[in-house]
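The points below take up the domains and then a ligand site.

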Amino acid sequence: MVVFPNAKINLGLNVRYKRDDGFHELETIMLPVPMVDILEILPADKTELFESGITLKGTPMEQNLIYKAWSLLKTQYDIPAIKIYLHKKIPSGAGLGGGSADAAFAIRALNEMFELNLSPLEMKKKAAMLGSDCAFFIENEPALATGRGEKLEPVQVDLKGKYLLLVVPGLHVSTAEAYGNIKPHESERLVRYVVTQPANTWQNDLINDFEASIFPVYPELKNIKENLYAHGAFYAAMSGSGSAIYGLFNDEPEPFFYPNTRLIKILKL
Ligand SMILES: C[C@@](CO)(OP(=O)(O)O)[C@H](O)COP(=O)(O)OP(=O)(O)OC[C@H]1O[C@@H](n2ccc(N)nc2=O)[C@H](O)[C@@H]1O
Ligand SMILES: Nc1ncnc2c1ncn2[C@@H]1O[C@H](COP(=O)(O)OP(=O)(O)O)[C@@H](O)[C@H]1O
């Protein structure tokens, strides 16, 4: 079976407090974006992973989230070994959730291929065991994410027809490191409320808390955000724990050039 796991961006992200289990309680909106990996899973005699596209340096098969998804289901269900063909197009370690999407789409594919009859709720629970972001990609609809990111409620965010300009710089920000440097706080501007307000208020009120700790360390990220505004974005921000920065535009933007970038892409939402 062939599936196309897509990326996400975060609209606003409030890191509220650190929990006793070490994770952080947060409030964010996650939005699917049309940038995809290509993943094929076939039944086989021996489990193997074949990769192409962007290389995942230093990630052996056993650490790949697709393999972990298969292993997790294998503990409970009598499923065969699989051949995994992954063509990676979503830059990893960019705050775009590519690895999490691969894991969730693998669960969905295995559920269908081997007729496991897992409900969406059961698949979300399994996905959340693999990563905080993974459950979102089971329904893959705009959602308000709370808890450690796995509690999801549908939200109405109408960005259809708008343009997303994505800049992925040549630096990798680890999610664990980003959480380690953040100062959690309760925000007065709830993300769920701000997105219901006119988009011209977002620039001041829709805040990704990671920017305050990451921009001083990597000033070029702030520079990219400012450049996106200078090019006419009605909103620009870092996605998740970075390092991808995106701008939202009413009209198709001019191609945007920035030195030392892994990827610059314009997508119609
Ligand atoms: C920041 C966000 C925002 O959507 O996305 P990315 O930027 O990674 O895409 C997510 O919270 C990332 O979720 P995900 O990448 O699935 O994280 P996990 O694998 O569960 O955890 C990686 C590490 O991040 C920290 N972590 C993660 C989630 C959370 N709510 N609190 C945390 O403190 C923990 O230190 C954990 O060891
Ligand atoms: N299928 C996969 N695709 C991408 N990254 C993966 C995958 N499996 C495991 N990983 C690991 O997950 C981390 C990046 O996860 P990803 O979701 O792409 O980034 P982010 O959390 O920044 O959005 C990397 O350390 C990578 O080694």
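1. In this predicted model, the C-alpha centres of domain 1 and domain 2 are 23 Å apart. Domain 1 covers residues 2-154 of the protein chain, and domain 2 covers residues 163-268.

2. The contact between the two domains draws 23 residues from domain 1 and 32 residues from domain 2. On the side of domain 1 that touches domain 2, at least two residues each are supplied by β2 (6-18) and β3 (24-36). The greatest contribution to that side comes from β2, which gives 10 residues.

3. The composition of this side of domain 1 may also be noted. Sorted by class, the residues of domain 1 that touch domain 2 comprise 13 nonpolar, 7 polar and 3 charged.

4. Which residues come nearest to ligand 2? Of the 18 residues around this ligand, they are T59, S92, G98, G99 and D102.

5. By class, the shell around ligand 2 holds 12 polar residues, 5 nonpolar residues and 1 charged residue. For the reader's reference, the corresponding figures for the side of domain 1 that touches domain 2 are 7 polar, 13 nonpolar and 3 charged.

Terms used
Residues numbered from 1 in each chain as written. Chains lettered and ligands numbered in written order. Predicted model: local features only at pLDDT ≥ 70, side-chain atom pairs only at ≥ 80, totals over all residues. Domains from an automatic or database assignment. Contact = placed C-beta atoms within 7 Å. Helix = DSSP H or I, 4+ residues; strand = E, 2+ residues; numbered from the N terminus. Nonpolar A, V, L, I, M, F, W, Y, C, P; charged D, E, K, R; others polar. Near = placed C-beta within 6 Å.
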